[in-house]
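Student: I would like a close look at one strand pairing in this model and at what surrounds it. Please take me through it in one go, and tell me how each term is defined.

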Amino acid sequence: MARPPALKLAEVLAEIRMSPSAFYCLRARGQAPRMIKLPNGELRRRRTDLDAWWDACERDTPGWR
């Protein structure tokens, strides 16, 4: 079974509606979705991992529901 293509950083940022600078600040604090660094330096994110990150954000912010 073929693995679905990983999302590019720009696609992740568009989906989570975050600027690159805000993303890198979040990443420095260890709170951003984990990214896969390719040998050419580009970053990718698996769809399933991004969905899991969203679910974790929802669990951690019960007051916003």
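Tutor: Let's start with Leu7, which stands opposite Arg45 in S3. Before going further, please keep in mind that this is a predicted model, in which local features need pLDDT of at least 70 and side-chain atom pairs count only at pLDDT 80 or more, while totals for chains, interfaces and linings use all residues. Residues are numbered from 1 along each chain as its sequence is written, and side-chain values use heavy atoms, with hydrogens and water left out.

Leu7 itself belongs to strand S1. Strands here are DSSP runs of E with at least two residues, helices are runs of H or I with at least four, and both are numbered from the N terminus. S1 and strand S3 (residues 43-45) are joined in the antiparallel sense by 2 bridges; two strands count as paired if DSSP finds at least two bridges between them. The pairing is part of an open sheet of 3 strands, antiparallel and ordered S1-S3-S2. Strand S1 (7-8) and strand S2 (36-37) are the edge strands, each pairing on one side only.

Is Leu7 buried or exposed? With a relative accessible area of 15%, Leu7 is buried; the word means under 20% relative accessible area, exposed means over 50%, and partly exposed lies in between (1.4 Å probe, protein chains only). Setting aside residues up to four places away in sequence, Leu7 touches Val12, Leu43, Arg44, Arg45, Arg47 and Leu50, where a contact is a pair of heavy atoms within 4.5 Å. Arg47 on that list is 40 residues from Leu7 along the chain, yet their C-alpha atoms are separated by 6.7 Å.

Arg3 sits in the segment before S1 and is exposed at 65% relative accessibility. Its C-alpha atom is 9.4 Å from that of Arg46, which is 43 residues away along the chain. Glu11, in helix H1, is partly exposed, with a relative accessible area of 40%. Glu11 and Arg45 are 34 residues apart in sequence and 9.2 Å apart in space, C-alpha to C-alpha.

Helix H1 (residues 9-16) packs against helix H2 (residues 20-28) at an angle of about 95 degrees, with the axes 10 Å apart. For the method, axes are lines fitted to C-alpha atoms, for helices over the stretch in contact, and angles between N-to-C directions run from 0 to 180 degrees. H1 and H2 are therefore roughly perpendicular to each other; that label covers 65 to 115 degrees, with under 35 called roughly parallel, over 145 roughly antiparallel and the rest oblique. From H1 the contact is made by Leu9, Leu13 and Ile16, and from H2 by Pro20, Phe23 and Tyr24. Sorted by class, that contact holds 6 nonpolar residues, no polar ones and no charged ones (nonpolar: Ala, Val, Leu, Ile, Met, Phe, Trp, Tyr, Cys and Pro; charged: Asp, Glu, Lys and Arg; polar: the others, Gly among them).

In the loop between H1 and H2 we find Arg17. Its phi is near 55 degrees, a positive value in a residue other than glycine, and Arg17 is exposed at 78% relative accessibility. Leu26, by contrast, lies in helix H2 and counts as buried at 13% relative accessibility. Leaving out neighbours within four places in sequence, Leu26 is in contact with Met18, Gln31, Ala32 and Trp53.

Now let's step back to the whole chain. From the N terminus on, its elements run β-α-α-β-β-α, with 3 helices and 3 strands. Of the 65 residues in the protein chain, 23% are buried. Among contacts between residues at least 6 apart in sequence, 39% join residues at least 24 apart.

A search of the whole structure finds 0 disulfides, a disulfide being a pair of cysteine sulfur atoms within 2.5 Å. Cys25 is partly exposed, with a relative accessible area of 44%, and Cys57 is partly exposed at 29%.
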